[in-house]
Amino acid sequence: MNVQKEQPARMTEEGVLRAAGDDLAKKTAESTDFAAKIRSVDLDAWFGKTQALKRINLGIRPNKVTAIIGPSGCGKSTFIRCLNRMHELVPGARSSGRVLLDDEDVYAPGTDPVLIRRRIGMVFQKPNPFPTMSIYDNVAAGLKLTGMRRGKNLDDVVRNALQQASLWDEVKDDLRKPGTSISGGQQQRLCIARAIAMQPEVILMDEPCSALDPIATAKVEELMVSLKATYTVVVVTHNMQQAARVADFTAFFYLGKLIETGPTASLFELPKEELTERYLTGRFG
Amino acid sequence: MARLMDLGMDRLRNLLLEMGRLSEQTVATAMEAYHLGKNLQEVNRWSSKLKQLDDQVSELSIELIARFQPLASDLRYIKASMEISYGFYRYGRYAHDIMEVLETFGDLAKCDHTVVEASAEKTKEMIKLSVEAFANKDVDLAKKITSMDDFVDNAYRDYIRKLMKSRKVDLRCALSETLILRYLERIADHATYIGNSVIFIVKGEEPAYHD
């Protein structure tokens, strides 16, 4: 038997990236052949002179969970913060290109970013309930800002949001306790309830489980999957197994570029791009 | 930099290479026993060893999945490894079955060995190719195995058809040869599956169907 020594294919990341970059026009065509809930078109983003996103064309399917994966600094958080115009809140940050929410450009002149952020809610890496507010008031805070008064309607909305966030049964007798008095995992679900209370269309989650233990993580993951029945969910995660568990579609970013996107199962079993393959198999660097 | 998982992946590959070599030797020895009319007991011992190795491959594969949650080519390799391991184990099992035929039917010296030996030569070649295709992740060799499968299939079917038309049949020869041709045909099928698994590892393509 003639057994050859295995020679893993080697190509520098720069070389592979150049090859991937040459193919961006093709990717644009691949990413636009379906009705998206939200879609970035030629989206660039900068922090000062540093370009963080390079011509991202990515459609997010409605009522699905889409995971954004990639190494630190690849632009995945920047990307979702561009979707609801939070990127522009950072001093020196800017973006160009378009983000279409149901074909409506969220960057069109005259568009109120506050209204956009109401339609596209966000949950952050670290649970951040308002520290001086009760559990109830944390959920109701956004609604009160819109002028909704305390009363049965508000009670119903709070209960409904907590139920959707799978937290109601755990806190229904403690609604007046501080939002920070519950566990980290519960606080994160409280933040999800706070986002849900605003009745958004899209929920963006930026590493929502990175500060949670495995049990709390499992609850948030179950929640992500159940939420897609009502909302479109986009989750940024470093945890590829989490993406594999929850996401219907996955997009891989590297150095500010969208390298590959597709159904999670096929992207994780048979990635088309060598860079994706190397990232998924831990062969970077 | 080597990955932690590579230690396990190397062990998996080495186990499969050992199985490949042993299964090739086991089938060749079974056919030598048929040719010489001898009962070569090592075939049964090696067949049992192949079963143990197959169990080890399964355990290691599950351990690698549990520990490292592999993706992409790693995941395909582990998935295919379990199928390839099963194929190598089946080579050994059919070799054991051929030995049982020799034990059951006794002296077959008077039988015409021509068809069985021609089929065995082709099958052994397919086994060799399947081991090499896996060892070298060689898609061309893997595809070649598929193209050879018809020869062994046809040898078995043609023999049956010929038997059915025969008026005078030596039952000892007819039954033993039918069984051995059937086992060779199954071994050839497993060689084809192993070829398909090699293609899956390299290209991610699943075969259209399994027989």
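Which residue of chain A forms a salt bridge with B:Asp74, and how far apart are the closest N and O atoms?

Modeller: The model is predicted. In it, B:Asp74 forms a salt bridge with A:Arg283, and the closest N and O atoms are 3.7 Å apart. B:Asp74 belongs to helix H3 of chain B, residues 72-105, while A:Arg283 lies in the segment after helix H12 (274-280) of chain A, so the pair joins two chains. B:Asp74 is buried, at a relative accessible area of 3%, whereas A:Arg283 is partly exposed at 31%. The cut-off for buried is under 20% relative accessible area.

The C-alpha trace of chain B spans about 65 × 35 × 20 Å along its principal axes. Of the 211 residues in chain B, 55% count as buried. Among contacts in chain B with a separation of 6 or more, 82% are between residues 24 or more positions apart. The accessible surface of chain B is about 10,400 Å², with 51% of it belonging to carbon and sulfur atoms.

Over all chains, the whole structure has 29 salt bridges. One of them pairs A:Arg55 with A:Asp42, at 3.5 Å from N to O. A:Arg55 is in strand E2 (residues 50-60) and A:Asp42 in strand E1 (residues 38-47) of chain A, so this pair ties together parts that are 13 residues apart in sequence. Both ends are partly exposed: A:Arg55 has a relative accessible area of 38%, and A:Asp42 one of 36%.

Another salt bridge joins the side chains of A:Arg119 and A:Glu201, at 2.6 Å from N to O. A:Arg119 lies in helix H4 (residues 113-119) of chain A and A:Glu201 in the loop between helix H8 (184-197) and strand E7 (202-206), so the pair ties together parts 82 residues apart in sequence. A:Arg119 is partly exposed at 22% relative accessibility, and A:Glu201 is partly exposed at 24%. A:Arg119 and A:Glu201 are also linked with A:Lys37, A:Asp102 and A:Glu104 in a network of salt bridges.

Definitions and conventions
Residues numbered from 1 in each chain as written. Chains lettered and ligands numbered in written order. Predicted model: local features only at pLDDT ≥ 70, side-chain atom pairs only at ≥ 80, totals over all residues. Heavy atoms only, no water. Buried < 20%, exposed > 50% of the residue type's maximum accessible area, 1.4 Å probe, protein only. Contact = heavy atoms within 4.5 Å. Areas by Shrake-Rupley, 256 points an atom, 1.4 Å probe, with all protein chains shown as cover. Salt bridge = Lys/Arg side-chain N within 4 Å of Asp/Glu carboxyl O. Helix = DSSP H or I, 4+ residues; strand = E, 2+ residues; numbered from the N terminus.
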